[in-house]
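Visitor: I would like to go through this structure term by term. Please set each value against its definition.

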Amino acid sequence: MFCAISGEAPEVPVISSKSGHVFEKRLITKYLAENDNKCPITGEELSEQDLIEVKSVPKIVKPRTPTMTSIPSMLAVFQNEWDSLMLETYTLKQQYQQVRQELSHALYQQDAACRVIARVTKERDAAREALVNLRAHMDSQAPAAEVPDNGNMSVDTQEEGLTSAVIEKMAQTSQALSKTRKKRKAPAELASVDDIKSYAQTAVVPALHSSTTPGITCIDLDSTNKLVLTGGHDKIAQIYKQDEDKTVAELKGHTKRITDVLFQGTESGAVLTSSADKTVKMWRPDDSGYTCVNTIDAHDSEVTSITLHPSKEYLVSSSQDSTWAFHDLGTGRTLSKVGSADVQTGFSCAQFHPDGLILGTGTNDSAVRIWDVKSQTNVATFSGHTGRVTSLSFSENGYYLATASEDNLVKLWDLRKLVNFKTLEVPQNNKINVVNFDYSGQYLAVGGTDVRVFKVKEWNELSVLTDNTGEVNDLRFGDFAQFLVSGGMDRSLRYFGPSSSQPMETA
């Protein structure tokens, strides 16, 4: 037997009942007293009661020390000095190993920093080239408008303000939509409550996006209900075509994870993506797939959400830099960038009201704020959540607003009375990431740990869907709530519909 500290045969051997290591009793006792009862080998809690003395034969009996000047006394002093030296040597060995690990970590960080600098330099050069191309394109469209060539200014961030023409367009859109909204009744094709109750998984499209950085962060459904646009942690957006059962396009250009995606819904077939790389990109289809035709660089931090104005001509982006920005999609210009002294922790999500005149935003400080878009002022603030607001959705009739938060509650707000009239709860330890009303405004879907569907007005739970194997990050209703599609961390698109409906083939 050898002491685990000194490496020598112990005079009074003891063994740890926790780790099984053998120690010299005087050494381990002294070490425990000096190091808060921590095992010198494993670092676990170890007390003298955990030490078991080993009965050895023959047992060495040391002579008594008659005086401090005797040889045995001097030997005892030398022995104590030797013990102290062994303990100090052991401590130095531990510190040496720790320093080696810290040095290795520092070298790794330095190498990573060099690679990041090289990548950023490459992105800067690419951005400058794109800026030159954009200027040339704009000069060809408006030769009278000269742009100073200072090498740093981006045309995307030149704020012009909301012109009278923009405000008039928004007012006309709101008026036209308000008229149809008042006359519209629930369509006959709308899924019934029994249909929703019978919701079950009808198809699953697995293995979308990269497995290296897995997860679908956001989705959108086009007007035909056949195309699904997905954004992922892998910095790529994909377009999946349901009737052909394949991914028909991959949109590569962002340098960080995708945070939101939208179909513009116009004849151009354009799609919009936002990213943690601080940009919003517009993509249009061509012979080679989809090409980025414009990059909006209006924010100083991660773009968390984008929302399309009902006219399809304007876009609002929200950011962690505590601002939201209003963009003209026709020109690719940022018309206005809005901040507030009340918002210091960043915006987490945003959505236009169905009439397009007000904007709802969620913040990292758990507040929900309503903005008058024309005057760009905060007209109402809802408080009640205790965590970051992760998602919000307006009902199509414009009366209700549903919000989800990291406190794992869904709150319903009456926009006519500006009050929280209902709070929906899920089982303890369940997460809530997203809320979404269907177009008719009759049903509300809630996604997170699972997917739940509620009936509006009664707010009773109609369906609970637990087929996903990872957290659900986004979901969308199809026309007339005939189906629901979700995407999440398991890299799968899942389609849910009435159990009597014809199952769709899976990828």
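Guide: We can start with a pair of charged side chains. Aspartate 321 and lysine 337 form a salt bridge, with their closest N and O atoms 3.9 Å apart. As for sources, this is a predicted model in which local features need pLDDT of at least 70 and side-chain atom pairs count only at pLDDT 80 or more, while totals for chains, interfaces and linings use all residues. Residues are numbered from 1 along each chain as its sequence is written, and side-chain values use heavy atoms, with hydrogens and water left out.

Visitor: Why is the pair of aspartate 321 and lysine 337 called a salt bridge?

Guide: A salt bridge is a side-chain nitrogen of Lys or Arg within 4 Å of a carboxyl oxygen of Asp or Glu. The closest N and O atoms of aspartate 321 and lysine 337 are 3.9 Å apart, so the pair meets that definition. Side chains of opposite charge can pair when their charged atoms come close.

Visitor: What parts of the chain does the pair of aspartate 321 and lysine 337 tie together?

Guide: Aspartate 321 is in the loop between β14 (314-319) and β15 (323-328), and lysine 337 is in strand β16 (residues 333-339), so the pair ties together parts that are 16 residues apart in sequence. Helices (H or I, at least four residues) and strands (E, at least two) are DSSP runs, numbered from the N terminus.

Visitor: What makes Glu11, Glu24, Arg26 and Asp83 a network?

Guide: These four residues are linked by salt bridges. Glutamate 24 meets arginine 26 at 3.0 Å, N to O, and arginine 26 also pairs with aspartate 83, with the closest N and O atoms 2.4 Å apart. Arginine 26 lies in helix α1 (residues 25-34) and aspartate 83 in helix α2, so this pair ties together parts that are 57 residues apart in sequence. Glutamate 24 is buried because its relative accessible area is 4%, and aspartate 83 counts as buried at 5%. Arginine 26, at 30%, counts as partly exposed. The structure holds 26 salt bridges.

Visitor: How do you know whether leucine 415 is buried or exposed?

Guide: Its relative accessible area is 17%, so leucine 415 is buried. Leucine 415 lies in the loop between β23 (409-414) and β24 (419-425). Contact means heavy atoms within 4.5 Å. Leaving aside neighbours within four places in sequence, leucine 415 has contacts that include His353, Phe382, Phe394 and Gly398. Glycine 398 is 17 residues from leucine 415 in sequence, and their C-alpha atoms are 7.8 Å apart.

Visitor: What makes lysine 278 and asparagine 429 worth a stop?

Guide: Neither is a glycine, yet lysine 278 has a positive phi of about 80° and asparagine 429 has one of about 75°. Lysine 278 is in the loop between β10 (271-275) and β11 (280-286), and asparagine 429 is in the loop between β24 and β25 (432-437). At 37%, lysine 278 is partly exposed; at 72%, asparagine 429 counts as exposed.

Visitor: How do you know how the chain compares with a compact globule?

Guide: The radius of gyration is taken over C-alpha atoms, and the globule rule is 2.2 Å times the number of residues to the power 0.38. For 507 residues a compact globule would have a value near 23 Å, but the chain has 33 Å. Along the principal axes, the C-alpha atoms fill a box of roughly 110 × 65 × 45 Å. The chain has 4 helices and 31 strands, and buried residues make up 45% of its 507 residues. Among contacts between residues at least 6 apart in sequence, 46% join residues at least 24 apart.

Definitions and conventions:
Buried means under 20% relative accessible area, exposed over 50%, partly exposed in between (1.4 Å probe, protein chains only).
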